[in-house]
Amino acid sequence: MTATNHVVFGALVATVVQNPVIAIPVALASHYALDALPHFDYPVKGHHSLRFFIWLAIDCGIAASILASILLLQPANAGLMIACGIAAASPDLMWLYYTIYKHGEDKDNWPLFVKWHAAVQRHTGPKLWPLELSWLAAMGGLLLVRAA
Ligand SMILES: [Zn+2]
């Protein structure tokens, strides 16, 4: 799932669960639950093309803008919303190492957890953008209602 949707859902978690000891781990766990849903994947081949980095920059730019909006608008529990948004998106940082730095090579020797993170994302692809957009509209709408 996109960083944007992970951040939105993480922030939404903080509007429901206000205890950070519970909310942050729940937001982190939500990453894998959302990854298991059928979702959009950037329409690129591999992780080293300019096209991939453009998609990544747009996605991360939108996600960062959402976090910045929370910071600027200061809804109740803004700090926890930001922390949960970051926690929810953070597991994908491992891909910077395994697919970009390591060029996705030697997948057989990836740690079990990395293999599992890849395997949980069974149904992905560029054609699933309507699902991704619908999820964003639903969860983004809920976030706006909950944070208002
Ligand atoms: Zn992921």
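Tutor: Of the 148 residues of the chain, 25% count as buried (20 or more other C-beta atoms within 10 Å of a residue's own, with C-beta atoms placed from the backbone; 12 or fewer is exposed, in between is partly exposed). This is a predicted model, in which local features need pLDDT of at least 70 and side-chain atom pairs count only at pLDDT 80 or more, while totals for chains, interfaces and linings use all residues. Residues are numbered from 1 along each chain as its sequence is written.

First, the setting. The chain has 7 helices and 0 strands (DSSP runs, numbered from the N terminus: H or I of at least four residues for helices, E of at least two for strands). In sequence order that reads α-α-α-α-α-α-α. Along the principal axes, the C-alpha atoms occupy a box of roughly 45 × 30 × 25 Å. The radius of gyration is 15 Å, which agrees with the value near 15 Å for a compact globule of 148 residues (taken over C-alpha atoms; the rule is 2.2 Å times the number of residues to the power 0.38). Among contacts with a separation of 6 or more, 79% join residues 24 or more positions apart (contact: C-beta atoms, placed from the backbone, within 7 Å).

Now the part itself: helix 3. Helix 3 covers residues 50–73. Its 24 residues should span 34 Å at 1.5 Å a residue, and its end C-alpha atoms are 34 Å apart, which agrees (expected span: 1.5 Å times one less than the number of residues).

Which residues of helix 3 are buried? They are Ala63, Ile66 and Ile70. These buried residues pack against helix 1 (3–16) and helix 4 (78–89).

Take the helix 1 side. The axes of helix 1 and helix 3 come within 7 Å and cross at roughly 25 degrees (axes are lines fitted to C-alpha atoms over the stretch in contact; angles run from 0 to 180 degrees between N-to-C directions). The two helices are therefore roughly parallel (under 35 degrees; over 145 is roughly antiparallel, 65 to 115 roughly perpendicular, the rest oblique).

Helix 1 brings Ala3, Thr4, Val7, Val8 and Ala11 to this contact. Helix 3 meets them with Asp59, Cys60, Ile62, Ala63, Ile66, Leu67 and Ile70. By class, the contact has 10 nonpolar, 1 polar and 1 charged residues (nonpolar: Ala, Val, Leu, Ile, Met, Phe, Trp, Tyr, Cys, Pro; charged: Asp, Glu, Lys, Arg; polar: the others, Gly among them). Ala63, Ile66 and Ile70 are buried, and they also belong to this contact.

Terms used: Contact = placed C-beta atoms within 7 Å.
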